[in-house]
Amino acid sequence: MSEKRCYYEILGVERDASAQQLKASYRKLAMKYHPDRNPGDKEAEELFKEAAEAYEVLTDPKKRGIYDQYGHEGLSGQGFSGFSGFDDIFSSFGDIFEEFFGFGGGRRGRNRVMRGSDLRYDMRLDFMEAAFGAEKEIDIQKPETCQECGGSGCEEGSGPTVCPQCQGTGQSTTRQGFFTVRTTCAQCRGQGRVIENPCQNCHGQGVVQARKKVTVRIPAGVDNGSRLRLSGEGEAGPQGGPPGDLYVFLYVEPHEYFQRQGVDVVCQVPISFVQAALGADIKVRTLEGEADLKVKKGTQPGDIVTLHNQGIPSLRGNGRGDQIIQLMVKTPTNLSKKQEALLEEFAKQEDKKLTNKLKRVLGGKA
């Protein structure tokens with residue numbers, strides 16, 4: 001499956017499918033391709049992962065909007081890369097699998113490991129970094145798997161034992177009349193096991209606080225509010241569970257000269273009234289340097305000129321936007337005597353032209 005299929009095609013639904021329709025379709029596929037029902041079947045495993053990825057995207061309004069507009073490339077540009085493995089899927093959709101298969105039917109049963117929490121990092125970018133991409137290194141502090149015990153939480157040579165209170169089920173069961181009420185076991189907190197000889201380094205938690213440098217690759221074309229997902233860079237899971245993800249939220253600083261409108265950039269370029277009247281060849285600033293621009297004869301204040309393919313690269317990788325230039329005609333100040341005289345002569349010529357035109361309109365009676 002080197003080329004990703006359409007998510008709607010994977011789930012077998014229309015593009016306007018409701019949340020309930022998505023859930024029903026995903027339930028059918030999850031039960032059909034569940035790895036416990038297809039042991040050793042690599043194709044079924046891939047189809048199971050594929051369906052989970054499609055379901056995650058289409059049930060998230062923001063991700064679904066990006067996918068509908070930009071496809072797989074748009075999601076990739078936002079840092080979404082799917083699930084890292086089965087544990088990632090089961091930990092993300094734990095409640096759903098319990099609903100599908102009954103309690104404990106997801107896959108790991110009562111001993112299912114817990115996924116670590118996701119982390120958030122707010123990053124500021126300058127305008128050019130957002131436009132053309134960048135590679136940034138960030139320093140974060142987070143729980144990492146304890147190297148002394150390998151995340152087990154147990155001292156070397158020992159291991160967890162079955163919880164004596166729940167007998168390994170992770171649940172306490174009580175009866176109230178006709179009803180059976182199940183709650184999480186207070187002693188093992190639902191793990192079904194307890195640690196009698198905790199690791200001295202992590203005190204039985206399986207994780208320790210550590211600082212880590214993480215490289216973040218910013219794709220070209222991101223905008224203010226974009227979010228990148230770094231799979232597996234979140235907090236380590238307890239007792240050796242898989243790590244969560246790191247979400248990097250991007251905030252783009254405004255530019256002194258350019259303003260952004262989607263993939264287009266807008267700027268204002270001042271020209272003299274002589275250049276506007278007679279036309280001229282000038283140089284204008286672009287995102288990557290300078291470009292030649294021809295000012296047409298008779299240009300009016302506020303006229304728009306477009307430089308094609310000089311805007312922001314598209315996240316989808318299909319070219320760039322345009323640079324939209326608004327020409328601003330400047331009124332001259334601090335004129336010399338000669339310049340004033342020339343302008344006065346110009347004004348007289350304009351008045352004469354206007355008078356002659358008015359005469360023609362009125363039939364020579366002006």
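Glu45 and Lys42 form a salt bridge, with 3.9 Å between the closest N and O atoms; the term requires a side-chain nitrogen of Lys or Arg within 4 Å of a carboxyl oxygen of Asp or Glu. The model is predicted, so local features need pLDDT of at least 70 and side-chain atom pairs pLDDT 80 or more, while totals for chains, interfaces and linings use all residues. Residues are numbered from 1 along each chain as its sequence is written, and side-chain values use heavy atoms, without hydrogens and water.

Glu45 and Lys42 lie three residues apart in helix H3 (residues 42–58), which means that about one helical turn separates them. Helices (H or I, at least four residues) and strands (E, at least two) are DSSP runs, numbered from the N terminus. Glu45 is buried, at 14% relative accessible area. Lys42 is exposed, at 60%. Buried means under 20% relative accessible area, exposed over 50%, and partly exposed in between (1.4 Å probe, protein chains only).

The structure holds 23 salt bridges. Among them, Glu56 pairs with Lys63 at 3.2 Å between the closest N and O atoms. Both of these residues, Glu56 and Lys63, are buried. Lys142 and Glu144 meet in another salt bridge, at 3.7 Å from N to O. Lys142 is buried, at 2%, whereas Glu144 is partly exposed, at 24%. Shared partners join Arg115, Asp118, Arg229 and Asp245 into one salt-bridge network.

Arg229 also has a bridge partner in S9, Tyr247. Strands S8 and S9 (residues 246–252) pair in the antiparallel sense over four bridges; pairing requires at least two bridges found by DSSP. Three strands form an open, mixed sheet in the order S1-S9-S8. Strands S1 (119–125) and S8 (227–230) are the edges, each pairing on one side only.
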